Amino acid sequence: MESIPKYNFYKNKYGEELLIDVVSLESISKYICNTPIHKLSYYDITLITSDSGKISINNHSYSLTKGDVIFSKPNDIRAWDVENYPEGFAIIFEKEFLHSFFNDSSFIEKLSFFQINSFTKVISLGKIFPKIERLINNLIEEINEEISKDRHILRALLYEMLMLLNREYSKEHQPTEDNHHKRYIEDFIELVEKNYNLYHDTKFYSDALCITPNYLNEIVKRSLEISPKCFIKNKIIEEAKKLLSYTDLSVSEISYKLNYDNSSYFTRVFRKETKQTPLEYRNSIMR
């Protein structure tokens, strides 16, 4: 497996273009069994309605139960456990479906569960489970409406769901950073997400943010409790682990993708951080 397969949105499933859909996990089980490890090109919110299940997202594993919700954004690496595949419904949509409706082009990225630094991908709904289930049923009913498929109603239903989920997610994952520094932290995280495979030094990021390296170091340590250098290194190691776990790329190819001068230096960095060589880590995952 040289690359991770990616599923694209089926825009013309209903004849005319529609950038939102609700699918049962049962209806896509044959595709999941064929490619349990995959990426999506679109946003996905999955409600679990059975008593058990398992999924891994970006190398973090989650045991699932009824009332759990899974969040994944484009290019997250998902790995379903086909031996413990749950029942449920996935609400899938393209960014453009809401982008054309809101003036704020970054509305979706600002949702707590779709932010770049949102590492937790699963929450339990608790008391709002019936509300979310009702909204899903309303979405299904409107999508199956042969005459209209009213996009305004679909957007309104999706918006209500997103706001309810955002409030519930935020209860469990309150941000700790001061508002004064929050924008710098968010921009730093986004820059690292986009450039970690090219730039490993903190000066590039402080220059991009038009602040001094010392100030970047101060606010990142205060908000994330690690240094910028450590955050960048953790991101690189996290990506290396994904490539080792989900692809057959060689250590040399991975080191090249992550912009290391040679594979020996990459191996030393990886071993220092994980106490394993890249090959030892890959072998431990495959057991």
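Predicted model: local features only at pLDDT ≥ 70, side-chain atom pairs only at ≥ 80, totals over all residues.
Contact here means heavy atoms within 4.5 Å.

Let's start with I91. This residue is found in strand β9, residues 88-93. Is I91 buried or exposed? Its relative accessibility is 0%, so I91 counts as buried. Which residues does I91 touch, leaving aside neighbours within four places in sequence? The contacts are D21, V22, Y43, D44, I45, I136, L139, L158 and M161. Now look at V69. From I91 to V69 is 22 residues in sequence, and 11 Å in space, C-alpha to C-alpha.

Next, the aromatics. A pair of rings is described by the distance of the centres and the angle of the planes. With ring centres within 6.5 Å as the rule, there are 19 aromatic pairs. Take F113 and F114. Their ring centres are 4.9 Å apart and their planes stand at 75°, so this pair is edge-to-face; the cut-off for that label is over 60 degrees. F113 and F114 are both buried. They also belong to a cluster linked by ring pairs, together with Y43, F71, F93 and Y169.

On to the helices. First, α7, residues 202-209. Which of its residues are buried? Y205, S206 and L209. Viewed down the axis of α7, the buried residues fall within an arc of 95°, so they line one face of the helix. The general point is simple: an α-helix has 3.6 residues a turn, so residues three or four places apart point the same way.

Now a helix pair, α9 and α11. α9 covers residues 228-246 and α11 covers 263-274. Their axes come within 11 Å and cross at roughly 100°. The range 65 to 115 degrees counts as roughly perpendicular, and therefore that is how α9 and α11 lie to each other. Who meets whom? From α9, it is K233, I237, A240, K241 and L244; from α11, F266, V269, F270, E273 and T274. By type, the residues of this contact are 6 nonpolar, 1 polar and 3 charged.

Last stop: the loops on either side of α11. N259 sits in the loop between α10, 251-257, and α11. Its phi is positive, about 65°, although N259 is not a glycine. N259 is partly exposed, at 38% relative accessible area. K275 lies in the loop between α11 and α12, 278-286. K275 is not a glycine either, and its phi is positive, near 70°. At 69% relative accessibility, K275 counts as exposed.

Technical notes:
Residues numbered from 1 in each chain as written. Heavy atoms only, no water. Axes fitted to C-alpha atoms, helices over the stretch in contact; angles between N-to-C directions. Helix = DSSP H or I, 4+ residues; strand = E, 2+ residues; numbered from the N terminus. Parallel < 35°, antiparallel > 145°, perpendicular 65-115°, else oblique. Nonpolar A, V, L, I, M, F, W, Y, C, P; charged D, E, K, R; others polar. Buried < 20%, exposed > 50% of the residue type's maximum accessible area, 1.4 Å probe, protein only. Arc of directions from axis to C-beta. Phe/Tyr/Trp six-rings, centres within 6.5 Å; stacked < 30°, edge-to-face > 60°.
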